[in-house]
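Have the sequence and the model open as you read.

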Amino acid sequence: MSRVSVITILPVAAAAVLAIGLYAMKYEVARLETRANELQRSLIAQTETLGVLQSEWSYLNRPDRLRELALRHLTLVPVAVQQIGALDEIPLRAAPAVADNRGPLSRIKPANLPSAQMAQVGEREAP
Amino acid sequence: MSGVVLMGQRGADPTGTPPNQRVRVSASSGGDALGTGHARLTVVATFFAIAFAIVAGRIIDLSAFNDDRGTGTSASVATGQSVRGDIVDRNGVVLASSLAVASLYAEPRRIADPALATEALMAVLPTLDHGQVFEKLSTGKSFVWLQRHLTPSQQMAVNALGVPGLGFRTEQRRVYPHGALAAHVVGYAGIDNHGLGGIEQYFDADLLGGGGQVSALELSIDVRTQYALQEELALALEEFQAIGAAGLVLDARTGEIIAMVSLPNFDPNQIGTSLADGRFNRASLGVYELGSTLKILTIAMALEFGTATLESEFDATEPLRVGRFTIRDDHPESRWLSVPEIFIHSSNIGAARMAMEVGADRQQEFLNRMGLMSRAGVQLPEVGTPIVPKPWRDTSTMTVAFGHGIAVSPLQFAGAVAATINGGWAVPPTLIKSQGPVDRQRVLSGETSEAIRRLLRLNVLEGTGTLAAAPGFLVGGKTGTAEKARGGGYQSDALVSSFVGAFPMNDPRYVVLALLDEPQGNDSTKGFATAGWTAAPVVSRVISRIGPLLGVEPVDTISRTAQQALFISLDGRTAGAAF
């Protein structure tokens, strides 16, 4: 008798659990579908907005408009070719003359801060 | 799932479970009804077991193996509308885009007070016609369009009115943020969203198929360069009261068209009001007898076939009589001229003699190789077919040598010039941004190409092209002034003045071409309308503006190294090496 009831109750219980599960699942799916549609709509709307903004940006960046704005608000002018130079055209400070045959690294002591070295170089060049 | 497995076990393993023992027991006791009942039960149980097994299998199949559900739908498919793809320039600046715009309609039946509604509408859309709107709203129809393609702010304003019976319908509209700039390149699309000109027409299928989901179509055009070229040409057009102008900036290494201008132009946003002359692309569809600029190719041809060297000399003492024609020089030197002299004095007689030594057959073969005998293969529907002499007589050989009797589009000519100066590689002009190195075909030797570079530079230093010089850039180039043909003769008052230049000449990066259609001389040009006075200054100004934009390093043009690298004496001696 107890065996029969187990056999009966178990499927019934399983069916009940399944039914509840299915019900919950169905509503979850419906909810997710609504959400997916919402996102889809939002995506379309955002894409359209993005397109409008990109076109607007391109429109506002018309070269003639930019030039007019620059003339009105800025004191800048286009770069002239005379203002463009190569890196090796910049003169470098002359290398300090090394009096003895010790290498340049041998002079460096912990006390020799870069500023001290600069002063030293200046002194040596002065005469 | 677990429930299904449970049922499945029951059906799948009948012998081990109690009901079957009972079946066996009842069968032995001989209870017929009970046996039948059990048998039916077994059948039904088996049936359900199989059914559940199928459902279980399907669930496993769906959950475990079919992962693609739901990912196949994209936004554009969901909208159910075809969205035309964007067109952008080489730096990603939007040149053409499709926007969803609202169009305003009314349902007059639902409008209680047409007069009031009209007043309200007029307040936010002042361009509407008061009488017309009132009439439309009073009809009692169920649907009537009021205004197509509202701007977003107009739509908001109408919405804010809160008038019942007004509504919006979304439509796709093609917009061109840069308007007339690059209009001939981009082209335009009609109201049905199909391309009717330019890139829009050439790539119509691709732009429609793209659906806005693929990356935008990237052109080789640079909007900043395009603007500089257009503005300078427009100024020249106005100054010299020309009827039209065309200009090109071409990458000499890749054939990419960085800028292409044709004036007058049109606004693709208002294509309905544009004129046919504005829509005509003078740079690619128009074919012109370009005059002396063709001498670049004549000299390249003579050097290439070995019929002349830079040091050869030709007799330009007297005008050349051929049949009923007499070939004259505009500025006769009336003496023997070397090849560099023929070039910088632009001697027609010398060029004609050079071409005769090459011969008609080789000349045609050469021009064909340079792409001047057939339509250019650029990605536009508006491409002009060159007009070449038929039959090709000796007279043709001579006149073609200085650019008469052959009419080509400025675009294909710029492509040919690019090949003569870039080291001799054919570079078919293209409007699509280059995606890397392309297979190039050699059409000229490197030596010929270097000779042409030096000649072009010489012509700007002390020839007809001095006004094309731009400070800081090694500009080279050739003028070309041709009289327009009309009814079998030429008119001396209708000229096509063009200048084809390139920079920097020691390693040419860009070819710049400017062409003015029927310019008139003025006081600043001492009355001259020839190319050296009208077109050359345009090229100078364009190069000064675009050089820094395109990242061409300025050099000291009078430095010893710069001069030596491009040196060529008038008797054809060269020094240094440009490479």
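Gln241(B) counts as exposed, at 60% relative accessibility; exposed here means over 50% relative accessible area, buried under 20%, and partly exposed in between (1.4 Å probe, protein chains only). Its phi is near 45°, a positive value in a residue other than glycine. You'll find Gln241(B) in the loop between helix 11 (223-239) and strand 8 (244-251) of chain B, where helices (H or I, at least four residues) and strands (E, at least two) are DSSP runs numbered from the N terminus.

A word on ground rules: this is a predicted model, so local features need pLDDT of at least 70 and side-chain atom pairs count only at pLDDT 80 or more, while totals for chains, interfaces and linings use all residues. Residues are numbered from 1 along each chain as its sequence is written, chains are lettered from A and ligands numbered from 1 in the order in which they are written, and side-chain values use heavy atoms, leaving out hydrogens and water.

Most residues other than glycine have a negative phi, and most peptide bonds are trans. Ser346(B) sits in the loop between helix 14 (339-344) and helix 15 (348-358) of chain B, and is buried at 12% relative accessibility.

| Cis bond | Omega |
|---|---|
| Leu263(B) to Pro264(B) | near -5° |
| Phe503(B) to Pro504(B) | about -20° |

Pro264(B) is in the loop between strand 9 (257-263) and helix 12 (276-279) of chain B. Pro504(B) is in the loop between strand 17 (489-503) and strand 18 (510-517) of chain B.

**Rings and charges**

Over all chains, the structure holds 11 aromatic pairs. Rings of Phe, Tyr and Trp (its six-membered ring) pair if their centres lie within 6.5 Å; planes under 30 degrees apart are stacked, over 60 edge-to-face, and the rest tilted. Phe143(B) and Trp145(B) make an edge-to-face pair, 5.3 Å centre to centre with 85° between the planes. Phe143(B) is partly exposed at 31%, and Trp145(B) is partly exposed at 26%. Another edge-to-face pair is Tyr188(B) with Phe266(B), with centres 5.6 Å apart and planes at 85°. Tyr188(B) belongs to strand 5 (residues 188-189) and Phe266(B) to the loop between strand 9 and helix 12 of chain B, so this pair ties together parts 78 residues apart in sequence. Both Tyr188(B) and Phe266(B) are buried.

Arg148(B) lies over the face of Trp145(B), 4.5 Å from the ring centre; a charge sits over a ring if NZ of Lys or CZ of Arg is within 6 Å of the centre and within 35 degrees of the ring normal. Lys478(B) has its charged end over the ring of Phe343(B), 5.7 Å from the centre.

**Helix 11 of chain B**

How many of the 17 residues of helix 11 of chain B are buried? The count is 12, so the helix is largely enclosed by the rest of the structure. Among them are Val223(B), Tyr227(B), Glu231(B) and Leu237(B). These buried residues pack against helix 2 (63-73) of chain A, plus strand 2 (94-106), strand 8, strand 9, strand 18 and helix 20 (531-549) of chain B, with contact meaning heavy atoms within 4.5 Å.
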